[in-house]
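Subject: A structure for you to look at

Hi there,

Here is the structure I promised to pass on. Have a look at it first, and then read my notes below.

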Amino acid sequence: MATDKQIEKQEKHVEDPIEVSVRQKLIALYTLQINDSQIDRIRIVRGELPLEGARQKMKLQAWKPGLRNTRTKRRSSTKPFQKST
């Protein structure tokens, strides 16, 4: 919700549409395009997140058998720790 100060700022910047210069219109258009581009980038990243999650899951699945084999080999090759007296 806009505060009183924000509303006052907006009112100061609002001029008669006829008196708005071409420069001001171009600046407003440029700002709008920048914001629109940022929104598009966010949507693209948001759309790619499920795909990236699936890729990471597949990588993890590929690593699991190797990790299991390594753990099994390590357990079978090491002797239990004996406390010396």
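Is Leu32 buried or exposed? Leu32 counts as exposed because its relative accessible area is 56%, and the cut-off for that label is over 50%. Please keep in mind that this is a predicted model, so every value here is computed from predicted atoms.

Leu32 sits in helix α2, which covers residues 22-77.

Now for the overall picture. The protein has two helices and zero strands. Of its 85 residues, 0% are buried. Its accessible surface is about 9,000 Å², and carbon and sulfur atoms account for 59% of that.

Next come the charges. Side chains of opposite charge can pair when their charged atoms come close. How many salt bridges does a search of the whole structure find? The search turns up one. The partners are Glu52 and Arg55, whose closest N and O atoms are 2.7 Å apart. Both residues belong to helix α2, where they are three residues apart, about one turn of the helix.

Both partners can also be sorted by accessibility. Glu52 is partly exposed because its relative accessibility is 33%, and Arg55 gets that label too, with 46%. The label applies between the two cut-offs, under 20% for buried and over 50% for exposed.

Finally, which residues gather in a patch of positive charge on the surface? They are Lys57, Lys64, Arg68, Arg71 and Arg75. One of them, Arg71, is found in helix α2. Arg71 has a relative accessible area of 43%, so it counts as partly exposed.

Happy exploring, and do write back with any questions!

Best wishes

How values were computed. Residues numbered from 1 in each chain as written. Predicted model: local features only at pLDDT ≥ 70, side-chain atom pairs only at ≥ 80, totals over all residues. Heavy atoms only, no water. Helix = DSSP H or I, 4+ residues; strand = E, 2+ residues; numbered from the N terminus. Buried < 20%, exposed > 50% of the residue type's maximum accessible area, 1.4 Å probe, protein only. Salt bridge = Lys/Arg side-chain N within 4 Å of Asp/Glu carboxyl O. Areas by Shrake-Rupley, 256 points an atom, 1.4 Å probe, with all protein chains shown as cover. Patch = residues over 30% accessible without salt bridge, like charges linked within 9 Å, V, L, I, M, F, W, Y side chains within 5 Å. Lys, Arg positive; Asp, Glu negative; His and termini not counted. Charge placed at Lys NZ, Arg CZ, Asp CG, Glu CD.
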